[in-house]
Amino acid sequence: MTGLSDVLPALAREPSSNFSIQKRKKYVVDEYADPEKVEVTEVVDEDDGDIVNAKVIEKAEDVAIEILSTEDHPELPTWTFRTVFLGIGLSIFGAVLATIYTFKPQNASVSQLFCLIIAYVLGTLMHAIIPSHGYWRFLNPGPFNIKEHAAIVIMASTASTVAIAMEIIAALNLFYDIRLNAAVAIFQIFASQMIGYGIAGVLRSLLVYPTYAFYPTYISVVNLLQSLHYGNALNQKRRKYFWVVFTLIFFWEWIPQYSFPLLTAISIICIADNGRHDWIRNLFGAGSSNEGIGLLSFSTSWTLITQGYPLVWPWQTLGMAIGYVVLMVCYYKNVFNGRNTDWMSTSLFFPNGTSYNQSLILNADNSLNVTKLDEVGLPQFTTTYALSQMCYNFSFGAAFVHVILWHWKDLKKACREVKFWRGSEEVDDPHYREMKKYKEVPQWWYLTLFAISLGVGIGCSYTTGEALLPWWSILLFTVISFFLAVALGFIMATTGFSISVKYAIQILAAFIHPGKPVAVMYVNLYGNSTAFQTLYMLQDLKLGQYTKIPPRATFAAQLVGSIVGSIFNYTMMIQIVDNNREVLKNPVGTRIWSGWNVQSYNSASIAMGALGKYLFTYGKMYYMLAFAIFIGLALPIPFWVLYRYTKPGSFLNRFAAYINLPIIALYVGYLPYSVNGQWWSCLVLGAVSQWWARTRRPKWFKKYNYLTSAALDGGAQVIIFILSFAVFGASGNEVDFPYWWGNPETLSVDRCAATS
């Protein structure tokens, strides 16, 4: 099923020496197998030569039972000095770095795997160097344990998940000159996250406790945690290997990122063309922000490469392959009349291709002035951005039907057996049974947190004099988010697939708040952010269950991570916005900074909020973007029918099982953003890692594959953190590297487009 091919190869991990022979099985999974019966073969244990009998995992969620240990040691402390010190420290690092990435051309994120490994290295180091006798035992109560470790990961993960509220506050600042008071902004960011956390707590019995809610993308994280603490997987040799790789990438990454940027996107075709032809730039360019879609462009910068998760086989490139054709054909056929605009951008344009000045059509209160609109005219999207929005809405609609068709039995079981308003006595999951020895977080804690956060959020929206969003709309979209969280949470919990609801929510908001662009933008805090935060909070609650952290400790860890994240999200954001204002408003941006993330919110607020009935109603230029949701509902049906009525195991049957329309539709529209020099490198490295190394060098793969990924992520992210403040202008002082052939002045960094 969806998510298995991404996760199960990672499960061939060195087991705990404390496991029984039953728990020491190793699994090799055929990712093309019948999704109703995944064949699992256990191979020779290389450590002692034992051979374990073959086994079949009947359902995907059984992986969490067969692979992950239910082992627990209740005597181990969770909240220690190490937990607080390392948790807050990594939370600050993750929050600052994630905010920097928000304003970068590349769509990057903070590596959870790096946070996991570095927390382990530093935690064991603290145990080794801090005395443990007498009063020192308060600082060093014993060996660094799995509960401390998982709590730190949860804190850092929560803090480094960039709050959508921060992006909205940045967009208000940049495009509407609405500057929220610092305290109001921080409270608004925190409140938007905690509303989602309150909903997550209510949904625990449905989307955390049961076995079917197994969150595939977290299986490898938990498996690594258990290997580190139960099997001593990171011994001295591997720690040395980690630091060698970390150091090498640290000193390498500054070269492609600063002094030799051509190495971020090497395209032989672009070098040969030298910026002479626009269509070459559009198709093959990938080095600068919004330059091209990067066909056959290869990167040597791990900061870019890691975006594609290259140590997991990137089969979703099927959608990207379709995207190359769709985007090029539609652009040159002048679909959506976009030939005169930029090839790639999330901004709005006049029909002649110049940037659209939204202030010309807005009143002083940021409402639409129809008279001025008649004089100025309507804006338009780039063709590629319009197609991307349409594909995301196809994906959104298809996801609901896909989960009904492929998971109907699980849905019926969930609705029949789980009473999430009345407790969890009927949940029969071995991991959950082990958790019953700990005090649970009462439901009223979450409901109280939800109510207080909702009140704070409503209050913050009225602090500018006129409501940014009326109270009744906040309540309405919070209710909508609750139902979205149930549906999308089930998809994420069972398949690992996250659906974007941003465009669908904004289209709905445009019809509820016609002519109100700020309101349509602000709706994202409650219709988009709340659902998004709920899903991520649910994942971390499941991580706490898998690692047997007392529920109240998990509750506290998520609160601390959210508080730290809110403070440093805002602090870093306002510094970047103030120091790079014009660049972030530029439709294209530079290779160092780009406002493409926040520009997308502003473009939607104007196009959908102020001009929804002029652009998105039936018969208007972009009506298909809204109707794509309904078309998406039908997309999975033919493939399910093909699977259902063909012979099991036949080519057509396996093909139909392999095709996942929500994911393919999403990735068709995934390319027209930021920089795209990394995808072909991801393809090559994914093949080397997940095919060649896993099948031909399994011993190396088990010992070093994921350790290598963590070291590369860590070294690259630390040097990007340093470069951002030292030379990229995050501190207000930008230092350009001298121009030369590998850092051209009048061409883009891959020499594919003229810049002046």
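Reader: Over the ring of which residue does the charged end of K104 sit?
Author: This is a predicted model, in which local features need pLDDT of at least 70 and side-chain atom pairs count only at pLDDT 80 or more, while totals for chains, interfaces and linings use all residues. Residues are numbered from 1 along each chain as its sequence is written, and side-chain values use heavy atoms, with hydrogens and water left out. A charge sits over a ring if NZ of Lys or CZ of Arg is within 6 Å of the ring centre and within 35 degrees of the ring normal. The charged end of K104 is placed 4.5 Å from the centre of the ring of W593.

Reader: Why is the pair of F616 and Y622 described as tilted?
Author: Rings of Phe, Tyr and Trp (its six-membered ring) pair if their centres lie within 6.5 Å; planes under 30 degrees apart count as stacked, over 60 as edge-to-face and the rest as tilted. The ring centres of F616 and Y622 are 6.0 Å apart, and the pair is tilted because the planes stand at 35°.

Reader: How is the aromatic pair of Y618 and Y623 arranged?
Author: The centres of Y618 and Y623 are 5.1 Å apart. With 65° between the planes, the pair is edge-to-face.

Reader: Is Y618 buried or exposed?
Author: Buried means under 20% relative accessible area, exposed over 50%, and partly exposed in between (1.4 Å probe, protein chains only). Both F616 and Y622 are buried, and Y623, at 25%, is partly exposed. Y618 has a relative accessibility of 65%, so Y618 counts as exposed.
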